[in-house]
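Let's take a walk through this structure together, starting with a helix and moving on to its aromatic rings.

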Amino acid sequence: MKESTISRKERILQTAMQLFANKGYLDTSTKEIAANAGVSEALIFKHFGNKDSLLSHIVKAGYRKVLMHHKGMMSYKSAKDFLRNMVKLPSELVADDPQFWKLQERLSHHSFSKTQHELFIKPVQPIVLKAFNELGYNNPELETQFLLLIIDMLWKKEACGEIANANELASLIEEKYQLK
């Protein structure tokens, strides 16, 4: 009994993420999620309470997964290695979980999702700044802001399929910052 409950809960989460990513959060009903997941709408409410809590669970779980899978990329060995990893991170994130990042791009205006993303990226900013300081850049604060904006734009464009040459762009950034 417990195993089928877990699999149905997981089916709800996967279905909801897919529908939210493709149709949008506001345009997806719990009734539609239930029908597509093959469960009752009541089961969604039993597991998650409401649609907002379901979304919250999906977003938090997505960022936990990202942190677990990309710990090594976030570690600081040297300034150039760290910056190179940050430049490659958008493509790797989207490749690992395209539905989650498509959902995040669609929700970039949603306050909860935006807050979760800011919590995810916040610890990176001082490390990028440290790297630019170590590399002797004239204005490391501005370089940090610039690189983080580029990274943010790259994952959003890649997640929604608006960019086909993300690896080439990452290589260009690496060349510009002499990270190769």
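This is a predicted model: local features need pLDDT of at least 70, side-chain atom pairs count only at pLDDT 80 or more; totals for chains, interfaces and linings use all residues.

Residues are numbered from 1 along each chain as its sequence is written, and side-chain values use heavy atoms, leaving out hydrogens and water.

Begin with helix α8, residues 111-121, where S113, Q116, H117 and F120 are buried (under 20% relative accessible area; exposed is over 50%, partly exposed in between, with a 1.4 Å probe and protein chains only). Helices here are DSSP runs of H or I with at least four residues, numbered from the N terminus. Seen down the axis of α8, the buried residues fall within an arc of 100°, so they line one face of the helix; the arc is that of the directions from the helix axis to the C-beta atoms. On the other side of α8, S111 and L119 are exposed.

Now for the rings. The whole structure holds 11 aromatic pairs, meaning rings of Phe, Tyr or Trp (its six-membered ring) with centres within 6.5 Å; planes under 30 degrees apart count as stacked, over 60 as edge-to-face and the rest as tilted. Y63 and F100 have ring centres 5.3 Å apart and planes at 85°, so this pair is edge-to-face.

Technical notes:
Helices (H or I, at least four residues) and strands (E, at least two) are DSSP runs, numbered from the N terminus.
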